[in-house]
Amino acid sequence: AGTMLTFWNTCNFGTIDGFVFTPTGTLASSIGLLFNGSAGNLEVRRCIIQLWSKCGFQHLGTVGTQMSGHKLYDSYLLQNGNDASKVPSGFGQLDLTYTNDFFITNNQFGIINTGTYGFPAFGIQATNTSNGTYASNFVWQNNIGGNFASCKYDRILAGNRFENSQKEGVIFNNCINVIFEGNWLNNNG
């Protein structure tokens with residue numbers, strides 16, 4: 001149990017490129033990659049984050065210490081957070097909490113094998129985010145594709161595919177001035 005790699009407080013302006021984050025066995029309540037505290041402007045690209053039981057990649061700011069400027073490009077988040085009963089409480093592929101001015105682009109949030117692992121609780125979850133951009137992501141075969149709560153001014157733009165979710169493709173709850181445009185929702189539960 002625990003987190004494989006954490007970037008926190010004054011970790012700023014770094015790049016994580018070309019890594020595979022995967023456990024060697026089943027680890028209860030484990031997280032692959034965590035950005036925490038006031039870490040800012042970190043970029044993750046061309047990574048594979050898979051098989052973490054709680055969350056693959058978590059951005060965990062607070063109301064008093066919000067995160068800003070993170071980027072996730074060209075990466076695969078596969079089979080993370082496979083406890084559908086935990087939705088929406090921090091279990092799943094990508095979890096963003098109190099994060100602002102971020103870019104989530106050209107990633108895949110899906111599965112490896114449902115027979116062995118089940119379905120991830122969600123593909124993307126965002127809570128209290130602001131001014132973020134999602135574009136050209138493929139979110140497939142999660143319990144819930146996207147779960148957005150209390151988000152402001154976020155842009156979920158053209159090219160995102162939310163499909164084959166076991167339940168909802170996308171949920172918006174208490175969001176203000178969010179743009180949802182040019183996305184594809186297909187075969188959701």
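**View A. Phe 57 touches Leu 33, Phe 35, Val 44, Ile 49, Leu 72, Leu 77, Gln 93, Leu 94 and Asp 95, leaving aside residues up to four places away in sequence.** Contact here means heavy atoms within 4.5 Å. The model is predicted: local features need pLDDT of at least 70, side-chain atom pairs count only at pLDDT 80 or more, and totals for chains, interfaces and linings use all residues. Residues are numbered from 1 along each chain as its sequence is written, and side-chain values use heavy atoms, with hydrogens and water left out. Together with Leu 94 and Tyr 134, Phe 57 touches the most other members of the largest nonpolar core, which has 28 residues. Such a core is a set of buried Ala, Val, Leu, Ile, Met, Phe, Trp, Tyr and Cys residues joined through side-chain atoms within 4.5 Å. Strand E4 (30-36), strand E11 (92-97) and strand E15 (122-127) each supply at least two residues of this core. Helices (H or I, at least four residues) and strands (E, at least two) are DSSP runs, numbered from the N terminus. In soluble globular proteins, nonpolar side chains tend to be buried together.

**View B. Strands E4, E7, E11 and E15 are joined through parallel pairings.** Two strands pair if DSSP finds at least two bridges between them. E4 and E7 run parallel and are joined by 5 bridges; within this pairing, Asn 36 has Leu 60 of E7 as its bridge partner. E7 and E11 are likewise parallel, over 5 bridges. In E11, Thr 97 is the partner of Leu 60, and Asp 95 is the partner of Gln 58. E11 and E15 are parallel over 4 bridges, and Asp 95 stands opposite Gln 125 in E15. In E7, 5 of 6 residues are buried, and in E11, 6 of 6 are buried; buried means under 20% relative accessible area, exposed over 50%, and partly exposed in between (1.4 Å probe, protein chains only). Gln 125, with 3% relative accessibility, counts as buried.

**View C. An open parallel sheet of 7 strands has the order E2-E5-E9-E13-E16-E19-E22.** Strand E2 (15-17) and E22 stand at the edges; each has a single partner strand, so one side of each lacks a neighbour in the sheet. Further in, strand E13 (residues 103-105) and strand E16 (residues 133-135) run parallel and are joined by 3 bridges. Thr 105 stands opposite Ala 135 in E16.

View D. Strand E17 (residues 138-140) is joined to strand E20 (residues 161-163) by 3 bridges, and the two run parallel. Arg 161 in E20 is the bridge partner of Phe 138.

**View E. The structure holds 3 salt bridges.** A salt bridge is a side-chain nitrogen of Lys or Arg within 4 Å of a carboxyl oxygen of Asp or Glu. Arg 46 pairs with Asp 17, the closest N and O atoms being 2.8 Å apart. This pair links distant parts of the chain, with Arg 46 in the loop between strand E5 (43-45) and strand E6 (48-50) and Asp 17 in strand E2, 29 residues apart. Arg 46 is exposed at 53% relative accessibility, whereas Asp 17 is partly exposed at 29%. In the bridge between Glu 43 and Arg 45, the closest N and O atoms are 2.6 Å apart; Glu 43 is buried at 15% and Arg 45 is partly exposed at 31%. Arg 161 and Glu 163 meet at 3.0 Å, N to O. Arg 161 is partly exposed at 27%, and Glu 163 is buried at 8%.

**View F. Phe 172, Phe 180 and Leu 185 form a nonpolar surface patch with about 240 Å² of accessible area together.** Patches are made of residues with over 30% relative accessible area and no salt bridge; like charges are joined within 9 Å, and nonpolar side chains (Val, Leu, Ile, Met, Phe, Trp, Tyr) within 5 Å. Accessible areas come from the Shrake-Rupley method with a 1.4 Å probe, and for residues only the protein chains shown count as cover. Phe 180 is found in strand E22 (residues 179-180) and is partly exposed, with a relative accessible area of 33%.
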